[in-house]
Amino acid sequence: MKTDKINWAIIGPGKIAKKFTTSLKEVEGAQLFAVASRSLERAKTFAQETGAKKAFGSYEEMLQDEEIDVVYVATPHVFHYEHTLLCLNAGKAVLCEKPFAMNKKQVEEMISVAREKGVFLMEAMWTPFLPHIEHLVEVLQSGKYGRIKELSADFGFNAPYDENGRLFRKSLGGGSLLDIGIYPVFLALHTLGIPEKIEAKAQLGKTGIDEVCDVTFSYSSGATAELHSNIIKNTPTTAEFELEKATIAIHAKWHNPSTIVITTPEGTEIKSFDVASFGYEYEARHVQEMLRQGKTESDVMTFEKSLELISLLDQIRKEIKLDY
Ligand SMILES: NC(=O)c1ccc[n+]([C@@H]2O[C@H](COP(=O)([O-])OP(=O)(O)OC[C@H]3O[C@@H](n4cnc5c(N)ncnc54)[C@H](OP(=O)(O)O)[C@@H]3O)[C@@H](O)[C@H]2O)c1
């Protein structure tokens with residue numbers, strides 16, 4: 001078992017990678033060790049800004065460094081499969097950004113290679129590690145308020161239009177569903193499980209990607225989930241569960257550390273959750289725990305959960321006729 005510092009490395013020093021390094025500072029036993037970019041100049045600048053010890057101008061070159069314990073893959077979605085395989089084949093543990101890959105077939109192969117190599121792999125779906133979501137799940141599972149009748153959750157923001165940018169360009173996996181719609185879909189999966197029926201409609205933009213996506217899940221229990229995402233308009237970005245005996249609301253922005261409000265005929269209970277830095281520190285701490293225990297799979301964001309999530313995304317994309 002590794003007891004000294006865990007050496008983290010980053011592939012793809014973009015926006016989220018920067019935020020992740022801030023969160024990593026809150027994680028005991030974590031060291032930001034290396035960063036790799038397609039450009040040595042960008043890697044050096046990122047290392048200077050974040051305190052990473054080493055900078056590499058090639059992803060492959062960095063992976064030869066024997067001191068690296070785990071690689072955080074933070075490139076655009078379409079490269080998650082390729083870059084994760086690159087790391088696994090070099091024997092490095094991986095935390096790969098969401099969506100894990102572009103489709104179920106790719107995720108299956110990533111998992112199969114991780115198993116074959118005996119190397120840790122996890123999708124960076126940080127939601128289940130957040131204290132307010134852990135609290136929500138505890139409350140739901142307690143059964144105190146009865147079963148869930150309806151969930152409604154949205155995630156929408158007015159992204160500056162750039163047909164070459166990651167969010168709008170189809171060849172970079174653009175669109176609302178895979179970028180942010182994945183969060184409401186995950187919340188439904190995490191709290192209600194796999195739906196019996198999936199309905200979806202989308203507004204496809206000029207670049208052929210879903211600028212808006214509306215999804216309805218129906219469950220055998222009678223519950224429904226109304227899930228919305230869009231990248232052309234700001235929406236409340238809240239989540240609300242209607243249960244038999246209460247309403248549970250997660251305030252904006254519900255996918256970030258937030259406030260949970262439980263309303264019953266007897267009154268209102270408010271619980272706020274503050275975190276030190278963005279909230280990525282929880283998933284990073286979990287990865288370290290798994291590595292120290294010698295695990296090759298997370299016991300929270302399991303392979304099964306990632307496969308279920310990507311299957312739902314595949315099925316929604318089939319409904320809205322969006323093929324990458
Ligand atoms: N967990 C979260 O809260 C969260 C939030 C935002 C995004 N994400 C996920 O993180 C991933 C990256 O998002 P981001 O917003 O950080 O993207 P970004 O700012 O565009 O950064 C992506 C990085 O990937 C590298 N890259 C490699 N090949 C590329 C290519 N052909 N085109 C563009 N970039 C390429 C680039 O670094 P070099 O060229 O320097 O190597 C770039 O800096 C996405 O999959 C997204 O879903 C997660």
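Visitor: How do the residues lining the largest pocket divide into nonpolar, polar and charged?
Guide: You get 17 nonpolar, 10 polar and 9 charged residues. The bookkeeping is simple: Ala, Val, Leu, Ile, Met, Phe, Trp, Tyr, Cys and Pro go down as nonpolar, Asp, Glu, Lys and Arg as charged, and the others, Gly among them, as polar. Before we go on, this is a predicted model, where local features need pLDDT of at least 70, side-chain atom pairs count only at pLDDT 80 or more, and totals for chains, interfaces and linings use all residues. Residues are numbered from 1 along each chain as its sequence is written, and side-chain values use heavy atoms, with hydrogens and water left out.

Visitor: What makes something a pocket rather than a cavity?
Guide: On a 1 Å grid over the protein atoms alone, a pocket is an open set of points with protein on both sides within 12 Å along at least five of seven lines, whereas a cavity is a set where a 1.4 Å probe fits but cannot get out; lining residues have an atom within 4 Å of a point. About 1200 Å³ of space lies in the largest pocket, a volume being the space filled by probe spheres set on the points, with points joined across faces, edges and corners. Of the 36 lining residues, Gly14, Lys15, Ile16, Arg166 and Asp179 are the closest to its centre. Helices α1 (15-24), α4 and α7 each give at least two residues to that lining.

Visitor: Why is the largest pocket placed where it is, relative to the domains?
Guide: Domain 1 (6-126) and domain 2 (131-274) both contribute lining residues, so the largest pocket lies between them. Those bounds come from an automatic or database domain assignment. The domain centres, taken over C-alpha atoms, are 27 Å apart.

Visitor: How many residues of domain 1 and domain 2 are in contact?
Guide: 10 residues of domain 1 touch 12 residues of domain 2, with contact meaning heavy atoms within 4.5 Å.

Visitor: What makes β1 and β4 a pair?
Guide: Two strands pair if DSSP finds at least two bridges between them. β1 (residues 6-11) and β4 (residues 70-73) have 4, in the parallel sense, so by that rule they count as paired. Isoleucine 11, for one, has valine 73 as its bridge partner in β4. The names are DSSP runs numbered from the N terminus: helices are H or I of at least four residues, strands E of at least two.

Visitor: Which strands are the edges of the open sheet of 6 strands?
Guide: The order is β3-β2-β1-β4-β5-β6, with parallel pairing. β3 (54-56) and β6 (121-124) are the edges, each pairing on one side only. Neighbouring strands are turned by 25° on average, direction ignored. Helix α4 (residues 80-89) lies across β1, β4, β5 (93-97) and β6, at about 170° to β5. Axes here are lines fitted to C-alpha atoms, for helices over the stretch in contact, with angles from 0 to 180 degrees between N-to-C directions.

Visitor: What is the strand order and pairing in the open sheet of 8 strands?
Guide: That one reads β8-β9-β10-β7-β11-β12-β13-β14, and the pairing is mixed. Its edges are β8 (197-204) and β14 (267-272), each with pairing on one side only. Here neighbours are turned by 10° on average, direction ignored. Helix α6 (residues 131-142) packs on the sheet, touching β7 (148-156), β11 (239-243), β12, β13 and β14, and its direction makes about 170° with that of β12. Helix α7 (residues 176-192) lies across β7, β9 (210-218), β10 (224-230) and β11, at about 160° to β7.

Visitor: Which strands form a hairpin with 3 residues between them?
Guide: β11 and β12. They run antiparallel, joined by 4 bridges, and glutamate 240 has alanine 249 as its partner in β12. Alanine 249 also has a bridge partner in β13, valine 261. β12 (residues 247-250) and β13 (residues 259-264) are joined by 4 bridges, again antiparallel, with threonine 263 of β13 partnering threonine 247.
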